[in-house]
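Trainee: Let us go through the terms. I want each label set against its cut-off.

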Amino acid sequence: MSNEIELFVSLYTDEDITNLIAKLLRERGFNAISARDVGMLKKSDDEQLEYAVERKMTILVYNRDDFLEIDKKWRAAQRTHYGILISEQFSSRQISEFLRRLSNFLDHVTADEMINLVRYLSDFK
């Protein structure tokens, strides 16, 4: 890993999260892609995290239990990931609140701070 500090988190949204979120984040100047954008639908959670890692991206997910287990396996194997951001589910009527929290997260956390961390979007209300 280089000594360069990565300032901005790049976000990869799991397939359970509407691809509209990544699109709206990009419109606001953030680097974000969705599983649908890149043809990763129906891939396993492990494959989703692998995809994010290959691109040094933090993955945004709803399925907390599965990704906490994956994080535990990765830690045991001393593997590096670029962060897991876990969110409660938002309805389509709550998109603006979801985006507000994501923007707050992206404005206050650097990519380097997310290395091997699991964070909760609810901390960014």
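Mentor: Start with burial: buried means under 20% relative accessible area, exposed over 50%, partly exposed in between (1.4 Å probe, protein chains only). The model is predicted: local features need pLDDT of at least 70, side-chain atom pairs count only at pLDDT 80 or more, and totals for chains, interfaces and linings use all residues. Residues are numbered from 1 along each chain as its sequence is written, and side-chain values use heavy atoms, without hydrogens and water.

Trainee: Which residues of helix H2 are buried?

Mentor: In H2 (residues 45–54) they are Asp45, Gln48, Leu49, Tyr51, Ala52 and Val53. Their cover includes S1, strand S2 (32–34), S3, helix H3 (64–76) and S4. Helices (H or I, at least four residues) and strands (E, at least two) are DSSP runs, numbered from the N terminus. Just after H2, Lys56 has a positive phi of about 55°.

Trainee: What makes a set of residues a nonpolar core?

Mentor: They are buried Ala, Val, Leu, Ile, Met, Phe, Trp, Tyr and Cys residues joined through side-chain atoms within 4.5 Å. The largest such core has 24 residues; Leu11, Ile21, Leu25, Phe98, Leu102 and Phe105 touch the most other members. H4 gives the largest share, six residues.

Trainee: Which residues does Leu102 contact, leaving aside neighbours within four places in sequence?

Mentor: Contact means heavy atoms within 4.5 Å. Leu102 meets that with Leu11, Ile21, Leu25, Leu60, Leu85 and Leu121.
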